[in-house]
Amino acid sequence: MRRLLPLTLFSAVLLNACAAQPAAAPTAAPSVPAASSTTTDLSSLKTYLLANIGELKTSSAQLVAASNQYYDLAKASGFDYDDLWSSEQQAVLNAVEVGRAAWMQASPGYEQIEGLVAGVPSLAEYDVILDAGTSAAEGGDGVVPFDLSLADGRTLQKPGNLFGISERALWGTDPELTAPIQADFNRNGTIEFGEALPEANVLLSSATALDRYVGELQTAAQAWQPNESDAFTALVVMVPTMNEYFDSWKNSRFVAGEASTQRDFVAISRLADIQDILSGLEVVYDGVSPLVASVDSVQSQQIDQDLTSLKTFVADVHAKEQAGQQFTAEDADLLGSEAQNRATAITGQLSQVAAALDVEIQE
Amino acid sequence: MIRRLSAAVLAALVVLSLLPGLAGAQGASPASSAEQVRAALVQAQLDLARNPAAAQAALDHARATFDVQLAPQLEAAQITPAFAQAQQALEAGSAAEFAAARAQIWTGMLAASYAKTEAALAQGDAATAQAWLPLREFRHATRFSRPDADATKAVVALARAEITPEQAVLALRADLLDTYQARQTEALHDLQIAEGQSFGSRRAEAVGLSVGYFAILAPAYAEQRGQPALTEAEQAFAALQRAATPEASTAAQAHIEQVLQGFRAAPLGAAEQERRAGQMLRFLSLVPVEYSRGVSGQNVTKDLEIREAVTFRDGAAAAFNDLRTLLDERDPALAKQAAQSFATLEQMLTNASQRTNVPAAGQVQQATDNLLATLGQVMPDAWQQRSSAGDFDVIDAMLDQMQAAVAAGQYDLAESARLEAYAILESGPEAKLVVFAPQMKAPIEQLFWFGDGDTKGLAGLIEATAPASEIAAARTALNAQLAEAKVAIGGQNAPVAVATNAAIIVFREGLEAVLILASLMGSLKSAEMRRYRTPMWVGAAAALGFSALTWLMSRSILNALLAFGINAEVLEVYVSLLAIGVLLLITNWFFHQVYWTGWMASFHQQKKRLTGGEASKWLGLALLGFSSIYREGFETVLFMQALVLESTTAVVLGGVAVGLLATLAIGIVVFFVQAKLPHKKMLIVTGIMICAVLVQMVGKTVHVTQVIGWLPTHPIRWLADLLPYWTGMWFGLYATWEGLLMQFASAAFVIGSYVLAERQKHKKIETAVAQPRGVPSKA
């Protein structure tokens, strides 16, 4: 009995010591993931993609209609924009406003699926064409693969992505795509941002090409059979692109103000784009989260939470921007760095899970 | 005093108010807790100028989270003072000082987590490592690069006992040190940008991060360059922290660049160096090929070809950057010249992309040739040999190009890329495939060409302009086959064959040890002499213990050599050659009876001398028992190391266990049952088995030597069709002239040695018979 007493005391001390360990202390046996044999139903990804492309097609068709209307007006005045502005001011303003509204509808619609389009190798080319490709002059490895033929017989060689060209034409940020006149929309005597007329040939051709490629994307998306590799690739490719978006936000007129020389992303703050992209990626993650949870439920929740937290972080900054807070370039730099750090942490977790599941992340 | 007390009470209240929430969060993982700390500190930084109260609350939250959830488990000495600095910075309203403290806290947590994970892995504690590893950073991922999962995989492999703790630690270091060095480079780059834009707090953060990352890399730096160099590097970073003027900062950065020149925290292993060099050479050689297809004179005709040329140059440049340190060590001037040539080539391709001053194909060819010539001068010979791993990388890259072309609807270019991938397979790995894994050749060819039955091949699909999804499916199937082929060419032994070999060797050596002991013990028969058996038993037992110790030491030495960067296959060749040499010697001695009778006579002489005198008898007999057994143990350990390098420790130990059990059984029969066994016959049978092991070991060693490119591979194609796949895995039989000739030579040596020994024996007998009695022999 005496011998039992120290043993009991020792056991009690040992148990107490164990209980006093921080809750995060590891369990004795590490969890060893095994490649899951469960088949994940990713049909929701395709449903989401097709539904959004359907809406995008409607918006791009509206943009084509408005561009046609504007083109007809310009053609009627022999492409003499001074004459056009003086004789058809209201009709021109209407056509431009309708075109801008359609663009403002189409662009965020695309951002909501960009994560999937850019991340899925079989669809990625459409992201270059529609939203991410550079012009031949800008160079790099993301030059668009098309030339833009205009109605007047000119050809713009590898002019850059179609949302970018149409945005520059509609908001007049690129003189080469804009009518060579000053159009004081609100007649206040000052030419302000956005007070410019598009070059009708460019607007019509870019809108028509945009609509055509959206149609091709729709066909490609219908043929796409989503699989786990595509879903993980989309997440790992797109989540860590935050600094690209924050960089373009920092250089845009939303931060740099009138000093900005950036021609794209002038109509909608990139902060809104980031939220749209993250919304799409949340849908993708929802699709694979059961698979992740099958090997590590804590990790699955963590990734889910981190994605939501990243989106909330960006939404908070956007809300402050909309409330009138003026961010300095240094603020934007810090915010971009923070968003990128969070995105990198999420991407890191996703890569570890993909490796554990033996899911290929495609190049 | 009262103010201080009030502040302390207030701080305590804040912490207490946070405790319930923190307690609720106690189940959070270390990574999650650290993320809370990091995010709260960023929030404090953002609020610092506009809302100091909110900033204070965020800092308090970060501090409390750290104190409650992390500090008890981490080395917090470097981190806690940084919180005090953050508090002072907040009170002073200094965003820059706050940013510096924030960076120190974060990198301090990374360093502590790394140390904790490394220590856990070194002790084989996968559970603790798994809990702490996620508190880490990753290389910043881009659209084109993915974070590594090597450390995570290593922890899982350790948990499954697939790798040793030493291997897990090496994988952790390679992954994390590489990551933190990349982050340090980024921090120094960000510092330049911040200074260029006069961002004070961003600058302070970048400085803090670069110093913090270097603290993690410091042990590797000291290991490679010595303590004085580390002290100089630390002084350079300290100067950067102190720099109050742009000039001082520029000078400090220049000094840092100088001390970091050529430093690579996680050095590439020899195999990885050769692989990256192989990629660099192959990718470079493809640049002018692609480029010439994309231009006509000085006009770009096919953009996709130009983009492919750019991709191959970028791939080659990335490999060059990974090897730059090593090339600098060999010849800094030539390495610099190569770097400049890479830049020239990049400019030429950029011009082509932008259609300004488009260079002619001949110019790009010339520039590439010049670069290859420079690299040829500076690269070691081993890097310039073609390796299968490098070939597979290029095949993979070409198939990526094929899919990109399909996605762009350019099926003619896709076909061209497919053909190039196939040509690389044909000119490189195919010959080895025919020999080492012939059963894999047909499925791979079918997937490259027109398929078979329901399986569709890439050539057929491209010809039919099939949808990208179908081509992607065929590619996935081909990837799986190529991955298997890569492993098969690399050479794996059947685990049962390795275990059987281990068992045979252990049993054979064990049998010899038992017979030596039995013979020595048997000669200590008299009642007076029997007491001397005890020290011999003690010596024999000690020899077994020392054999185990020798095993552990040799494993450590081999692991250290592997860690030092020596290729596992190269090590396998060296150790196998040593083992083969000893095996040949043993079989030769055995046939000439030098081995057995000579050793036995020597042991008996020693025993006689020892039992003849009184002094130190006990110790002497113990030493005799020890030396007679340890000799066998040492040989066995040597052979086992060769087998471990062919397979895994677990497989070899399984065979060792079987061999030991068989030896134990013989020992019991001999020593306790004292049965009379046919010793000679047993030695002959096991001797023949050892000869079979020798021939198999020669075949495997030749195979590995061919894999690393030290021996050429000349396949015997007709035999390759006849030999089943398993003959290679089980008997080391591969259809190459080199392998079969060497196996034949080793068998001929053994048989020749036997025939010679028999002839000498007969001659001796004949001489003895022919000699008249009483006349002493001349021999």
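## Confidence and backbone of a predicted model

A:K158 is buried, since 21 other C-beta atoms lie within 10 Å of its own, where buried stands for 20 or more such atoms, exposed for 12 or fewer and partly exposed for what lies in between, with C-beta atoms placed from the backbone. This is a predicted model, in which local features need pLDDT of at least 70 and side-chain atom pairs count only at pLDDT 80 or more, while totals for chains, interfaces and linings use all residues. Residues are numbered from 1 along each chain as its sequence is written, and chains are lettered from A and ligands numbered from 1 in the order in which they are written.

Most residues other than glycine have a negative phi.

| Residue | Phi | Loop |
|---|---|---|
| A:K158 | about 40° | between β2 (155-156) and α6 (162-171) of chain A |

B:S198 is exposed, with 11 other C-beta atoms within 10 Å.

The model scores ipTM 0.72 and pTM 0.57. Within chain B, confidence is highest in helix α5 (residues 95-122), at a mean of 96, and lowest in helix α1 (residues 2-24), at 41. Over residues 1-26 of chain B the pLDDT is below 50, and this stretch has 13 contacts in the model beyond near neighbours in sequence, a contact being two residues whose C-beta atoms, placed from the backbone, lie within 7 Å.

Definitions and conventions. pLDDT = per-residue confidence, 0-100. Helix = DSSP H or I, 4+ residues; strand = E, 2+ residues; numbered from the N terminus.
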